[in-house]
Amino acid sequence: QVQLQESGPGLVKPSQTLSLTCTVSGGSITTNYYYWSWIRQPPGKGLEWMGAIPYSGSTYYRPSLKSRTFISRDTSKNQFTLQLNSVTPEDTAVYYCAHGPSLHTMVSWGQGTQVTVSS
């Protein structure tokens, strides 16, 4: 069974870069046909898919976040990472990593990590 765990700082200052890592166990991030995604939930709002890096290593981003988002992976550590540049308080949210058989279908989720953007 695949398990995912997010890690990273819980507090980021405005204009800085938010960086989170998702460590995967119980399966490989290069396994054919699976997609590894970042999703967030701002307070009082619904889930927002941010982007994904599939088994092939290519990347997909939410159009509204594409200019500020970078997703990468380290296959030797079985990890994938999220970088969100130029953050504002509107980027405050619980951030989740997840995986599934398609871009917007998730079958396993991390527990989520709270990130607050504040000076």
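Me: Is Cys22 buried or exposed?
Reply: This is a predicted model, where local features need pLDDT of at least 70, side-chain atom pairs count only at pLDDT 80 or more, and totals for chains, interfaces and linings use all residues. Residues are numbered from 1 along each chain as its sequence is written, and side-chain values use heavy atoms, with hydrogens and water left out. Buried means under 20% relative accessible area, exposed means over 50%, and partly exposed lies in between (1.4 Å probe, protein chains only). The relative accessible area of Cys22 is 0%, so Cys22 is buried.

Me: Which residue does a disulfide join to Cys22?
Reply: A disulfide is a covalent bond between the sulfur atoms of two cysteines. Here it is called when a pair of cysteine sulfur atoms lies within 2.5 Å. The structure holds 1 disulfide. Its S to S distance is 2.1 Å, and the partner of Cys22 is Cys97.

Me: How many residues apart are Cys22 and Cys97?
Reply: Strands (E, at least two residues) and helices (H or I, at least four) are DSSP runs, numbered from the N terminus. Cys22 sits in strand 3 (residues 18-25), and Cys97 sits in strand 9 (residues 93-100). The pair links distant parts of the chain, with a separation of 75 residues.

Me: Is the disulfide of Cys22 and Cys97 right-handed or left-handed, and why?
Reply: Look at the torsion about the S-S bond. It is about 65 degrees, so the disulfide is right-handed.

Me: What is the relative accessible area of Asn78?
Reply: Asn78 lies in the loop between strand 7 (69-74) and strand 8 (79-84). Its phi is positive, about 55 degrees, although Asn78 is not a glycine. Asn78 counts as buried because its relative accessibility is 14%.

Me: Is Ser86 buried or partly exposed?
Reply: Ser86 is found in the loop between strand 8 and strand 9. Ser86 is not a glycine, yet its phi is positive, near 50 degrees. Its relative accessible area is 44%, so Ser86 is partly exposed.
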